[in-house]
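Subject: Handover of a structure

Dear colleague,

Please find below the structure that I am passing on to you. A summary of the findings follows it.

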Amino acid sequence: MKFLIPFLMSILAFAQTPIKIALNWKAEPQCGGFYQAQLNKELPFELIQGGSGTPTIQMLTFGKVDYASVSAEEILISNEKIPTNQVV
C-alpha cells in the first residue's frame with residue numbers, strides 16, 4: 001500500500017476528468033493523503049468510502065470506479081469465482 005498511493009497520485013496529477021477511487025473501508029490513516037488532497041482540491045478525483053461488504057472488486061470490474069483499494073485475498077477470491085474478469 002505504501003507505493004500504491006504515490007503511484008495513484010502521479011496518475012491523478014495528469015487526469016483530465018475526475019477519477020473515481022473506491023476504498024474497501026472507512027477513512028483510515030494510510031489514505032490520509034487522498035483526503036487532504038480532496039480537501040485542498042488539488043487533484044480531480046472522487047473518493048468512495050467503503051465498509052463491511054462493500055463490493056469494491058465488482059465496482060472495478062463493471063467500470064463503476066477507475067481504481068479500488070482491496071485486500072489480496074479479495075482479488076484471489078474474485079479471480080477464482082469469475083475467471084474471465086481477472087483483476088490484477
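Rings of Phe, Tyr and Trp (for Trp, its six-membered ring) are taken to pair if their centres lie within 6.5 Å; planes under 30 degrees apart count as stacked, over 60 as edge-to-face and the rest as tilted. By this rule the count is one aromatic pair. The ring centres of Phe-34 and Phe-45 are 5.9 Å apart and their planes stand at 65°, so the pair is edge-to-face. The pair links distant parts of the chain, since Phe-34 belongs to helix H2 and Phe-45 to strand E2, eleven residues apart.

Please note the basis of these values. This is a predicted model, in which local features need pLDDT of at least 70 and side-chain atom pairs count only at pLDDT 80 or more, while totals for chains, interfaces and linings use all residues. Residues are numbered from 1 along each chain as its sequence is written, and side-chain values use heavy atoms, with hydrogens and water left out.

Overall layout

The protein chain has four helices and three strands, and from the N terminus on its elements follow the order α-β-α-β-α-β-α. Helices (H or I, at least four residues) and strands (E, at least two) are DSSP runs, numbered from the N terminus. Of the 88 residues in the protein chain, 28% are buried; buried means under 20% relative accessible area, exposed over 50%, and partly exposed in between (1.4 Å probe, protein chains only).

Three strands form an open sheet in the order E2-E1-E3, with parallel pairing. Two strands pair if DSSP finds at least two bridges between them. Strand E2 (45-48) and strand E3 (67-68) are the edge strands, each pairing on one side only. Strand E1 (residues 19-22) pairs with E2 in the parallel sense over four bridges, and Leu-47 in E2 is the bridge partner of Ile-21.

Phe-34 lies in helix H2 (residues 32-40) and counts as buried, at 3% relative accessibility. Phe-34 is 13 residues from Ile-21 in sequence, and their C-alpha atoms are 9.6 Å apart in space.

The nonpolar core

A nonpolar core is a set of buried Ala, Val, Leu, Ile, Met, Phe, Trp, Tyr and Cys residues joined through side-chain atoms within 4.5 Å. The largest one has ten residues, among them Ile-21, Phe-34, Phe-45 and Leu-47. E1, H2 and E2 are the elements that give two or more residues to this core, and its largest share, three residues, comes from H2.

Which residues of helix H4 (residues 72-81) are buried? They are Ile-75, Ser-78 and Asn-79. These residues lie on the same side of H4, because they cover an arc of only 95° around the axis, the arc being that of the directions from the helix axis to the C-beta atoms. On the other side of H4, Glu-73, Leu-76, Glu-80 and Lys-81 are exposed.

Helix H3 (56-61) is included in what covers the buried residues of H4. Thr-56 is found in H3 and is buried, with a relative accessible area of 0%. Leaving aside residues up to four places away in sequence, Thr-56 touches Ala-22, Leu-23, Asn-24, Ala-68, Ser-69, Val-70 and Glu-74, where contact means heavy atoms within 4.5 Å.

Yours sincerely
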